[in-house]
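This briefing is meant to be read with the sequence and the model side by side.

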Amino acid sequence: MSETIENFEVYLKEKNIPLKKSQLKNGQILFNGNFRLTKTRVLPFGIVFDSKDAKSIDYQITYHKLAYVKDFTKKAEILELLNELNQVKAGYYSVILAGDGEIYLKQLSRTTSDVLAAYEMMVFGSTIAKVIIKEIEKVLEPAAAE
């Protein structure tokens, strides 16, 4: 196992963040968890690390299920909003509309054995997601967002 992944596990343990670790078929290492958005809603997320043992390795953070587009007559309006969010509010992340209507947040980056930046990006992503969810709900559910 790479030093980067070992250091990330140590960091999670120090911060008392319970993520489930698993190995994917291609050898990558996945950590899954949930951020609590409200008392009744959690945001599932995962961080995947390349499994190679190198000075720097790639990783990807994905926050799933920010929202779902069920009424595809709103697709153009949602895509316009997502473009704006990607330019103004998403930071290092990208807000994406999947073919099934799921809207998710994703970030690709690279880290070294010093995993502080990757950890901070993981935590920062939940803050971005909270802001973005509110903006999306204004379009998808105007009455509920007010």
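The points below are grouped by topic and concern a predicted model. They begin with helix H1, which covers residues 3-14, and pass by way of Asn-16, which follows that helix, to the largest pocket, whose lining includes Lys-65.

**Helix H1**

- Helix H1 has 12 residues and, at 1.5 Å a residue, should span 16 Å, which agrees with the distance of 16 Å between its end C-alpha atoms.
- The residues of H1 that are buried are Thr-4, Ile-5, Phe-8, Tyr-11 and Leu-12. Because these buried residues fall within an arc of 120 degrees when H1 is seen down its axis, they line one face of the helix.
- The partners against which the buried residues of H1 pack are the strands S2 (29-36), S3 (42-49), S4 (57-68) and S6 (102-111), together with helix H3 (116-140).
- On the face of H1 that is turned away from the buried side, the exposed residues are Lys-13 and Glu-14.

- Asn-16 lies in the loop that runs between H1 and strand S1 (20-23), and its phi is near 55 degrees, which is a positive value in a residue other than glycine.
- With a relative accessibility of 66%, Asn-16 counts as exposed, because the cut-off for that class is over 50%.

**The largest pocket**

- The largest pocket holds about 240 Å³ of space, and among the residues that line this pocket are Arg-41, Tyr-68, Val-69, Asp-71, Leu-140 and Glu-141.
- Both S4 and H3 supply at least two residues each to the lining of the largest pocket, and S4 gives the most, with 4 residues.
- By residue class, the lining of the largest pocket divides into 6 nonpolar and 6 charged residues, with no polar ones.
- S4 and H3, which contribute to this lining, are also among the elements against which the buried residues of H1 pack.

**Lys-65 in strand S4**

- Lys-65, which is one of the residues lining the largest pocket, is found in strand S4.
- The phi of Lys-65 is near 60 degrees, again a positive value in a residue other than glycine.
- Lys-65 counts as partly exposed, because its relative accessibility is 48% and that class lies between the cut-offs of 20% and 50%.

Key
Residues are numbered from 1 along each chain as its sequence is written. This is a predicted model: local features need pLDDT of at least 70, side-chain atom pairs count only at pLDDT 80 or more; totals for chains, interfaces and linings use all residues. Side-chain values use heavy atoms; hydrogens and water are left out. The expected span of a helix is 1.5 Å times one less than its number of residues. Buried means under 20% relative accessible area, exposed over 50%, partly exposed in between (1.4 Å probe, protein chains only). The arc is that of the directions from the helix axis to the C-beta atoms. Contact means heavy atoms within 4.5 Å. On a 1 Å grid over the protein atoms alone, a cavity is a set of points where a 1.4 Å probe fits but cannot get out, and a pocket is an open set with protein on both sides within 12 Å along at least five of seven lines; lining residues have an atom within 4 Å of a point. Grid points are joined across faces, edges and corners, and a volume is the space filled by probe spheres set on the points. Ala, Val, Leu, Ile, Met, Phe, Trp, Tyr, Cys and Pro count as nonpolar, Asp, Glu, Lys and Arg as charged, and the others, Gly among them, as polar.
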